[in-house]
Amino acid sequence: MTVLRIPKIPLLEDIDPRNAKVLLRIDINSPIDHKTGRIIDNIRLRAHVDTIRELVVERNCSVVLIAHQGRPGDKDFTDLSQHAEILSKYLGLDVEFVEDVMGPTAREKIRGLKPGEILLLDNVRFVSEELIEALPEKQAETYLVRRLAPLFNYYVNDAFGTAHRSQPSIVGFPLRLPSAAGRLMELEVKALSKAFSEAAQPRIFVLGGGKVYDTLRIIENIVKNKVADRILTTGLVAQLFLVAKAVNIGEVNKEFLEEKGLLSLVPRARRILLLGAPIETPIDFKTVDREGNVRNETVGNVNGLIMDIGDNTITMYSDLIREANVVVMRGPAGVMEDPRFRTGTEKLVKAALLSNAFTILGGGHLTAIIPWDEAKRKGNIHLSTGGGALLLFLAGEPLPALEALHISARKFLWKTTN
Ligand code: 3PG
C-alpha cells in the first residue's frame, strides 16, 4: 500500500506571529440562494473561526482577510459584504468589510489597521490576475502580490478549499512573505494524511454522487497509488461499473446514463476492473416506477428508475465499513433531495460513525448529515471543507497551496534542507 508524498508545511508555531500584521487567505466561497442573494450554508465561514481568533485574540495581530466568492459570469459571483457580517457573528468580533482589494482605499485601511482589528477585503476574483493559474514564481510578480505583500509581516493560508488552485492569492504571497498554514488547513491536511498513513488499513472509500467524471478520475488514481483496500460504489458511479461488468441495470437506467453522456465512460470503468481494482457494486437498489411506486429491486432484475442503494446493499456495505480503520466518504448514495431516498446515505454515514474507523466526510450532502460542533466533539470524524481540493488530495495529486507553503518555509524559515 502506497503512502502519499505530502510536503512538510510550516504551521503557526513556525512563524509565531505576535503583534504582527497578517494577511490571511480563507475560503468562504459559499452556496448562495439565487432568489434572495443570501448565503445558504455557513460551514466554510465557521470553519475559519479558530485561526482568526488565535491570531487576533491570543496573538494580538491585526488580520486582513482575503477570499473569493464564485467565478465571473456565475450567479454566485458577489461581493463579500454579507460574509463580513456572518464572520463577525461567529467570531464575536468586528470584521470591517472594505469595498476594494488592492487599490488605494484597501492599502490605506491596511496601513491604519491596529492590533486586534480585522478587515475583510472584497472578492479577490474582482482582480483579473487572480483567475489565471501559473507557477508560484510568476504569481509572486502579479500586481496583486506586489502591491499587498509589502504591507504585511506574514502570510497565512487557511483556505484548504482552494488549495488546488495555483492562483496569486494562494501561491504568490508565500514567495514574498514568511508563511504558514492556518489551523483549518493544518486540521484538513492532518486528517486527510491520516487516511493515507500505513497504519490506516483497512481503508475503505465510499464513492457516489453525481460527479461521475471526477469520481472516476479519483478511482483511477486511488487504484494507481494503491491507497484503498476497498472502494464501495454508490449512485451513478455504481451504475457505470455494473454496466462495465455487463450486468443488466434496466433499460430506463441505461437510457439515463446515455442521456448524461456517461456510457462513453464504460470502457474506462472496464479498464479499472481489469486492473483488479477492489471495486464493490450494489446488489440491490431502491427504485421508482412510472406510477411513483417505490420498490427494492435486486440487481439483474431492475425495472424502475434507480434512486438509492437497496436494503441488502446497505447491510453488505455497513458490514464492510465496520471492518475499516479509515472510511472516506464522498457523494450521496441516492437522490437525497427526496426524503424517501436518503436512507442509503444516512445509514452508511451512521455505520461509519458507529464503527471504530476514523471517518472523513466530504461534500455538502454528507457534511449536512452531522452538525459541525458534534463532529468536532467526536474526534474520530472529520468534515472536510474541500470540494475540488479534497478530490485532488484523495486522488493523490499535489496541491499547489501546500507546495508553495513548503517552498516559502525553505526560503524564509528553515534555511536548511527539509
Ligand atoms: C471550491 O468551492 O471548490 C473552492 O472555493 C474553489 O473554487 P473554484 O472551484 O471556483 O476555484
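**Exercises on rings and overall form**

The protein chain contains 19 helices and 15 strands, where helices (H or I, at least four residues) and strands (E, at least two) are DSSP runs numbered from the N terminus. This is a predicted model, in which local features need pLDDT of at least 70, side-chain atom pairs count only at pLDDT 80 or more, and totals for chains, interfaces and linings use all residues. Residues are numbered from 1 along each chain as its sequence is written, and side-chain values use heavy atoms, with hydrogens and water left out.

**Exercise 1.** Classify the ring pair of Tyr155 and Phe173, and decide whether Tyr155 is buried or exposed.

*Solution.* Begin with the rule: rings of Phe, Tyr and Trp (its six-membered ring) pair if their centres lie within 6.5 Å, and planes under 30 degrees apart count as stacked, over 60 as edge-to-face and the rest as tilted. The centres of Tyr155 and Phe173 are 5.6 Å apart and their planes stand at 20°, so the pair is stacked. Next, locate the partners: Tyr155 lies in strand β5 (residues 154-157), and Phe173 in the loop between α8 (168-172) and β6 (179-181), 18 residues apart. Finally, buried means under 20% relative accessible area, exposed over 50%, and partly exposed in between (1.4 Å probe, protein chains only); Tyr155 has 0% and is therefore buried, and Phe173, with 0%, is buried as well.

**Exercise 2.** Find which ring lies under the charged end of Lys89.

*Solution.* The test requires NZ of Lys or CZ of Arg within 6 Å of the ring centre and within 35 degrees of the ring normal. The charged end of Lys89 sits over the ring of Tyr90, 5.0 Å from its centre.
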